[in-house]
Amino acid sequence: MQKDGKTGGQAVPAPVAIALHRVLGMIANGEATSRAAIARLTGLARSTVSQQVDSLIDGGIVEETESSQSVRGRPPRALTISPRAGTIAVADVDVAATQLAIADLGGTIIGRDIVNLPVDRGPEELLAEVSGRLHSMLTEHGHDPARVRHVVAGLPAPVDFQRGCAVRPPIMPGWDAYPVGDYLRKQFGAAVTVDNDVNLMALGEATQEMADTPLLVIKVGSGIGAGIVTADGSVHRGADGAAGDIGHIRASTRRDVVCRCGKFGCLEAVASHRAVLTDLGIAPPSIDDRLYASRELARLVADSDTSALHRIRQAAADIGEVVAMLIHTLNPRMLVLGGPLSELQDEILSGVRAAVYEQALPLATRKLIITPSQLGTDAGIIGAIALAGREVFSQEGVGRLLAEA
Ligand SMILES: [Zn+2]
């Protein structure tokens, strides 16, 4: 979102599109809620601001309502994004189930649902169900599916962000290069962003009041991934979208274990939720009972089962070793641990913390905050909504919004 509003006093007027984008941006992120405040903060002429605001009101994108706060006897007016301006639709695909949500353009969640289909059913079946349910949710809540402004889908896979597809995901038959972005674009007639699920989690965690950036999120689920939100609040995806794909870095222990990717000793093969469950003889999450495995593992830990505690501590040490390397490289201010295995917070947190403090340099750990996820399983959905909101109010997004208004 553009925030550089210092053109006051310049002789050359800014192009209307830029003025409009700045006015709308300020209303959208709550920086200014009146014509006077926008003029003051942007340095734009009062008449220019009013012209832009009027065109946004005419287009049904902004509303001007009576404010509850009274200012010097004048009837105060507040500018907000209109609930009729459109909606955002998001899907956070995970191995066993997909979470869905629809939200208004201000990011307030209107409805939620879960699709209990495992990702290995393939993209055709899963995406058809996701699209159908999102359409139903919109209709049920009285929103026109034709007014969806942005769709975000998170995938538990390396994602080619530009093409909107997964790239050679080891556990997702049929998904390699499947055009997820194009499919959803056709279904909703809206712009679509496809991203890695842990990137979305990281964005979600970064929206929390206690969050600090740079922020590194580690998800320990059936795979292991990292997401990085930089100091300016954007996701670091790397040149090809492969940043944070840490599950197949070789762990230093148990190098004889074969990974699903075909290599030996990958971090994911020795320290993921799935690896721990397999070693302890616990059946993995099923469609009928997605939480059985987590409950069973938590019960063993609560009973101080020696082999379970040993196995989890070993996984924490393996994860901690790789995370310490990342702390060196990225120097984050905050490290967030999420995913089903990290629900056993004390065991995992203390193991990772010990490895990080032992192996990373003091300068990188002096102010480092290590914390469990604040949002739990909602992190991906919250992050997806935040990302969609940014896209809607980006320069390009506002252009689309006005063209469709
Ligand atoms: Zn591997």
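How many aromatic pairs does the structure hold, and at what angle do helix α6 and helix α13 pack?

Tutor: This is a predicted model, in which local features need pLDDT of at least 70 and side-chain atom pairs count only at pLDDT 80 or more, while totals for chains, interfaces and linings use all residues. Residues are numbered from 1 along each chain as its sequence is written, and side-chain values use heavy atoms, with hydrogens and water left out.

The structure holds zero aromatic pairs (ring centres of Phe, Tyr and Trp, the last by its six-membered ring, within 6.5 Å; planes under 30 degrees apart are stacked, over 60 edge-to-face, the rest tilted). A ring does meet a charge, since the charged end of Arg237 sits over the ring of Phe161, 3.7 Å from its centre (NZ of Lys or CZ of Arg within 6 Å of the ring centre and within 35 degrees of the ring normal).

Now the helices (DSSP runs of H or I, at least four residues; strands are E, at least two; both numbered from the N terminus). Helix α6, residues 197-206, packs with helix α13, residues 379-392, at about 85°, their axes 6 Å apart (lines fitted to C-alpha atoms over the stretch in contact, with angles from 0 to 180 degrees between N-to-C directions). The two are therefore roughly perpendicular (65 to 115 degrees; under 35 is roughly parallel, over 145 roughly antiparallel, the rest oblique). Among the residues that meet are Leu200 and Met201 in α6, and Ile382 and Leu387 in α13 (contact means heavy atoms within 4.5 Å).

Pro214 is found in the loop between α6 and β10, and a cis peptide bond joins Thr213 to Pro214, with omega about -5°. Further along, Ser304, in the loop between α9 and α10, has a positive phi near 55°, and Asn331, in the loop between α10 and β12, has a positive phi near 45°.
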